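This briefing covers the chain as a whole and then two of its residues. The sequence and structure come first.

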Amino acid sequence: MNLCYKHILIALTLLVGVVGCTDRPDNTQPTDQAISLSVGLPNSRAMLYQGELSFGARGNRIKVYDFVGNTKHIDTYAGPDVQSSSPLHQTGTTWPFTDELDGTDADIKQWVPGMHNFFGWLAKDAAMNMTPEIFFGSGFVFNESTRVLNIPTKEMSYATSQFDFLYSDIKATEPTNNHVPMRFNHLFTAVSFGVENSTSSFVRVDEFRVEGIPNTRSATIDFSGAATTVNYSTPTSATFTRSIDAGKAPYEISPSGVRSNIFNGSTTQEFMMLWPVDAENLYSTDKTETTDEGEVVYPESWKMYIKYTADGQTYEKRMNFPNQDWEAGKKYFFNIVFADKMVELRTEVKPWEYEQQDINYSSEAPSLSAGGALTWNNLISSVDNTNKMVAIVNAQAAQAKFTLQTPVGGSWIVSLVGDVNAFEVSPTTGVIDTQTATVYVKPLVSSPARDYKVQLKFTVRRSDGRMIAADDIVQANGIYTVVLPRNN
């Protein structure tokens, strides 16, 4: 799985002053520069950034190591509320060192000559009173000789405490008066399920469950190289299941009503943290079947089940997840939508870092080459530019092309919104290199009993990992609906 992370920026700022030196390598003399942590929080979607769970909240601690060559120089903690008498300390900005997990007295650390390698992880979430040793158990161990952090096997369920474990990259630097940036990554992924009624009638949700998701893994985090390396074990079980909370079903959704949490019918969105999951453990290649009586039979391998009542009639359906990994450091929102008067179901997926385009510098903002907006091939499909419709003809995949100019070295990502189980888009991603890209929307239903419809959704991943909504750029000619017409 190609892991992509959303980062939290940690800057190590140097404070000049003559202080005593501790934990320095043998036979080295200290410089006159003290090391202090300065924490910046730019545009993150971290779970820890919600209200009192802010990463910079009082009592939070990060574990910090610094190796100079093969010698450990720093083995301590840092926190936003540690008391420091330094005139350069800025409350709310700098994170002084402390030698105790719950300590509040500053523990001065000083530069020594040589190449320093800084890294660390979240040692305590004060709002939860949670540490990784409590959350993962006694097997959570750092081997100083190999510089490998062992994350023991952990089963994740919806009832598991939502401990957003963070670990850093490695920042190598010699003593310098410039700041030393470190970035923290998320070990887990996060998922959420909502429901929306876009019909003109009331819809009653009777049952909903998601089941059979891999939920037990372990990991190792290797800080010994030039970059941090994370390895996840093969999942040992696929038993994660969640149904609507006891006593919350059935519940009705009014016309145009939205419930951000399908499990309790509330408007408060709730994310569940899970181990990352490969697409092969989510998406099923099994297809629906139709009986002689016209009844649709859904594969048991489709991992979502819903039972609902509309206009006095009760329906039972299963839904397939999109063919997409659940990556560490991303949030995925699955929205079950009753739509189009036929009370059909859709699934929408949004990555954790999904943002509206608000970049002000052109080199990293998405832009098109001249005439590069997405266009559909009217020699393969029936293209109606007036009504923005692309009709599948003779079961051939619809074809579209576009040309992104920037950000060079970034990547574009495309997904489907609508009847996602009836179509497949490929490729789903590509490198931005000023060359024209081609995507295909292939129908998967051989004998459609109704019209199936999807639209394309584009995002751009910058070189720094930031995700930007790009529909207004790529689909500047308008967002077209691809239709697989029903058989006459």
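**Overall make-up**

The secondary structure of the chain consists of two helices and 39 strands. The model is a predicted one. The points below take the chain totals first, then the two residues in turn.

**Chain totals**

- The chain has 488 residues, and 51% of them are buried.
- Among contacts in the chain with a separation of 6 or more, 69% are between residues 24 or more positions apart.

**Lys154**

- Lys154 sits in strand β10, which runs over residues 148-155.
- Lys154 is buried but forms no salt bridge. The nearest side chain of opposite charge belongs to Glu155, at 8.6 Å, whereas a salt bridge calls for a distance within 4 Å.
- A polar atom of the Lys154 side chain lies 2.9 Å from the backbone oxygen of Phe135.
- Apart from neighbours within four places in sequence, the residues in contact with Lys154 are Phe135, Phe136, Thr160, Asn215, Thr216, Arg217 and Trp275.

**Thr189**

- Thr189 belongs to strand β14, made up of residues 189-197.
- The relative accessible area of Thr189 is 0%, so this residue counts as buried, the cut-off being under 20%.
- The side chain of Thr189 comes to 3.0 Å from the backbone oxygen of Glu327.
- Thr189 and Tyr332 are separated by 143 residues in sequence, and their C-alpha atoms are 8.1 Å apart in space.

Note on methods. Residues numbered from 1 in each chain as written. Predicted model: local features only at pLDDT ≥ 70, side-chain atom pairs only at ≥ 80, totals over all residues. Heavy atoms only, no water. Helix = DSSP H or I, 4+ residues; strand = E, 2+ residues; numbered from the N terminus. Buried < 20%, exposed > 50% of the residue type's maximum accessible area, 1.4 Å probe, protein only. Lys, Arg positive; Asp, Glu negative; His and termini not counted. Polar contact = N/O pair within 3.5 Å; in protein donor to acceptor, adjacent residues only side chain to side chain. Contact = heavy atoms within 4.5 Å.
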